[in-house]
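Hi,

Here is the structure I promised to pass on. Please take a look, then read my notes below.

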Protein chains: 2
Amino acid sequence: MRSEILSVGTELLMGQIANTDAQFLSRELREMGIGVYYHTVVGDNPARLKEQIVTSLERSDLLILTGGLGPTPDDLTKETAAEALGLAMKEDPASRQELLARFEMMGRECTPNNFKQVWFPEGAKILPNPNGTAPGCLLDRDGKIVVILPGPPRELNPMFTDHVKPYLLERAGRIMVSRFIHIYGIGESAIAYRLGDLLDSANPTLATYVGNGDIVLRATASAAAREDAESLLVPMEHKIEKLFGDSILSWDGREMPEVVLDLLKRHGATVACAESCTGGMIASSIVDIPGSSDVFLEGCVTYSNEAKMRRLGVSAKTLELHGAVSEETAREMAEGMRRTSGATYALATTGIAGPGGGTDTKPVGLIYVALATPEGTRVVERRGNRSRTQNRRGAALEALDMLRKELEKRS
Amino acid sequence: MRSEILSVGTELLMGQIANTDAQFLSRELREMGIGVYYHTVVGDNPARLKEQIVTSLERSDLLILTGGLGPTPDDLTKETAAEALGLAMKEDPASRQELLARFEMMGRECTPNNFKQVWFPEGAKILPNPNGTAPGCLLDRDGKIVVILPGPPRELNPMFTDHVKPYLLERAGRIMVSRFIHIYGIGESAIAYRLGDLLDSANPTLATYVGNGDIVLRATASAAAREDAESLLVPMEHKIEKLFGDSILSWDGREMPEVVLDLLKRHGATVACAESCTGGMIASSIVDIPGSSDVFLEGCVTYSNEAKMRRLGVSAKTLELHGAVSEETAREMAEGMRRTSGATYALATTGIAGPGGGTDTKPVGLIYVALATPEGTRVVERRGNRSRTQNRRGAALEALDMLRKELEKRS
């Protein structure tokens with residue numbers, strides 16, 4: 001099946017937004033084994049839009065139109081598509097009732113211009129929109145499918161996932177199952193290199209995405225039945241496990257902070273952290289997870305030497321002999337944090353985040369990460385300079401990863 | 001002048017990346033007063049690409065092609081454009097020398113496939129690429145301009161800004177000047193409403209963007225001379241100042257943490273922070289600015305009551321009587337932080353970030369933000385629930401904004 005995506009909106013042509021709708025739909029279609037041959041963006045101009053719809057339908061079997069379904073006179077996508085297809089427009093009474101109910105719920109008046117949102121080309125299947133006022137629609141006739149979706153991603157994405165995807169899969173007699181596998185500590189290109197041919201696999205498909213400091217693999221299988229799709233994933237999962245071992249953070253979409261929090265809860269353990277160069281990033285990433293108060297006791301951002309001594313009991317001698325950026329200081333920070341907080345584990349970071357402050361012996365990017373446990377303390381030295389934010393984020397993730405590996409060892 | 005953007009790349013059609021090149025170019029062209037009528041994406045397929053180039057050149061005066069300039073056999077944009085225009089390809093000896101020098105500098109061998117990157121359609125102006133191996137090019141003939149740019153944004157953006165934009169401006173005899181104005185504490189739609197007709201202004205143009213917790217206004221004037229462009233901006237700046245007053249963070253692109261840091265430096269003052277619900281976000285946003293160690297002393301993420309008492313001296317009685325989320329606790333946290341750290345100012349936050357933990361009297365989203373100064377302490381109460389991350393980020397910015405207004409009052 002040949003498909004293409006035609007997006008309508010002057011805001012795209014003015015550069016106010018990027019065309020993330022086309023990206024989302026392309027990923028989804030690719031996973032379903034449907035080739036995407038063109039993305040096109042046109043403005044709110046009926047003549048150019050109609051011409052493009054005609055051109056697109058000549059060359060494609062599936063045309064997805066996005067945007068231009070709203071209540072303003074500029075919103076002409078459905079009307080123009082109907083004209084291009086030689087169809088009349090009809091009001092959908094059920095959608096009208098839902099629209100009125102929606103406005104009543106919001107306590108706002110439903111002005112007459114809103115009703116154009118419940119008119120559709122005749123014969124269209126209506127696609128409900130629980131996240132906005134404009135439903136979408138789908139036409140399947142003469143071997144061509146035309147899908148019309150609202151532009152805002154928070155309306156378009158669920159409408160595609162909940163209605164269009166099932167329709168296309170059912171039409172093709174298929175079921176799809178996906179896994180989101182997070183990998184930490186290996187770069188995207190090294191991962192792609194190791195995966196090799198697996199990335200060309202047609203079913204299951206496999207794709208890599210840059211995550212939040214990690215890399216996400218998305219593996220998707222399709223089959224006539226769910227069990228068959230699940231079984232298709234098994235050999236690929238085994239290969240991925242073999243290739244990446246304990247660099248795999250999770251098989252279910254969880255990221256580092258959530259993985260570490262879940263491990264702490266499982267062990268009935270608590271954590272505290274003492275941060276210098278990461279400056280609150282570790283604490284903040286933990287606190288960002290709901291329920292973190294069960295296991296996270298406290299954090300100190302001891303940026304000055306004075307604070308390192310006063311808050312954590314780092315000795316003046318250590319700071320003088322080895323400097324604030326040293327294995328010894330990192331160790332004393334972690335141990336001091338563990339002692340003063342009463343937490344099971346304590347993490348500490350100290351380093352030169354840059355861009356200034358580096359020396360020949362202690363260059364920018366040199367960061368010490370320490371983990372204090374009931375049995376003792378380990379310190380890891382990181383080198384390699386990127387941007388200040390990247391250096392800090394790298395150290396924060398490294399600290400959490402030390403704790404993750406420690407906890408997994410005990411599982 | 002009618003323009004359009006034609007992007008070449010299977011990675012776009014597979015949804016691996018969004019077409020941010022088209023967004024960037026559209027913004028830039030709009031500012032220059034050049035209308036963009038179409039975005040199109042095609043894959044690495046020479047027949048479809050050639051057909052699209054012919055179609056685009058029939059309807060547009062300026063065609064910008066992006067992507068497909070690399071060393072692999074799939075990269076065929078220049079070759080296909082030359083064929084569509086009836087031009088031969090020629091090697092550019094200067095570009096060849098630069099390519100060889102670049103590989104030597106990287107200590108890598110320049111394999112023969114790389115040389116296709118220094119072949120261009122005859123008569124093309126070469127656009128140097130200091131950020132990659134593939135130069136771009138520009139053809140200006142028979143009233144049509146064709147610009148060919150590399151796909152990666154970190155190569156395309158500076159190439160456009162440094163070479164294409166000046167070329168187009170010089171061709172039109174124009175100079176452009178932009179201001180980036182950051183506004184805090186007012187939503188984008190309220191800002192747009194207040195700006196009204198100003199947003200339709202043709203010269204200077206004015207556009208709003210959602211920033212990092214703030215809103216950015218970009219005002220751009222074009223004229224034959226720089227002074228004329230600068231003068232065109234003045235009345236608009238006055239109107240903006242009148243509309244938004246002290247909600248204006250900066251006129252030069254600086255964001256909240258940098259503005260606060262600069263104010264602290266100017267006053268020779270220091271800051272420390274005690275964070276509960278924001279959990280290190282304030283500290284982290286300050287530490288993210290190079291040179292923050294001059295004014296930032298330390299932070300405490302006192303998530304548990306025990307930590308609030310031990311680190312900051314919050315009294316057990318206050319916690320018992322008013323609870324951890326209260327005006328009184330926020331006040332004692334800020335004052336305790338100021339006292340123990342010795343900083344000129346201390347910020348504190350305590351609240352219910354959600355999604356759980358709310359009660360009838362203390363709902364999710366209730367957050368207290370405190371600022372302790374040499375003259376006394378102020379506490380602000382925030383209400384209104386969004387996501388956990390948004391509640392936390394909102395409180396962190398609010399705290400910094402309190403300090404900003406305090407410091408500006410003293411200026």
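**How the two chains meet**

In this predicted model, 47 residues of chain A are in contact with 47 residues of chain B (C-beta atoms, placed from the backbone, within 7 Å). On the side of chain A that touches chain B, 23 residues are nonpolar, 18 polar and six charged. Here Ala, Val, Leu, Ile, Met, Phe, Trp, Tyr, Cys and Pro count as nonpolar, Asp, Glu, Lys and Arg as charged, and the others, Gly among them, as polar.

A rotation of 180 degrees, with 0.0 Å of shift along its axis, superposes chain A on chain B at an RMSD of 0.1 Å (least squares on C-alpha atoms of residues with pLDDT of at least 70 in both). That is the relation of a two-fold axis. Both copies use the same surface: 100% of the contact residues of chain A recur in chain B.

Pairing takes at least two DSSP bridges. β2(A) runs antiparallel to β2 (residues 35-42) of chain B, with five bridges. A:T40 has B:T40 as its bridge partner. β14(A) also joins β14 (residues 296-302) of chain B through five antiparallel bridges. There, A:T302 partners B:E298.

Within chain A, β1 (residues 2-8) pairs with β2(A) in the parallel sense over seven bridges. A:E4 stands opposite A:Y38. Six of the eight residues of β2(A) are buried (20 or more other C-beta atoms within 10 Å of their own, placed from the backbone).

Residues are numbered from 1 along each chain as its sequence is written, and chains are lettered from A and ligands numbered from 1 in the order in which they are written. Local features need pLDDT of at least 70 and side-chain atom pairs 80 or more, while totals for chains, interfaces and linings use all residues.

Best wishes

Note on methods:
Buried ≥ 20, exposed ≤ 12 C-beta atoms within 10 Å, placed from the backbone. Helix = DSSP H or I, 4+ residues; strand = E, 2+ residues; numbered from the N terminus. Contact = placed C-beta atoms within 7 Å.
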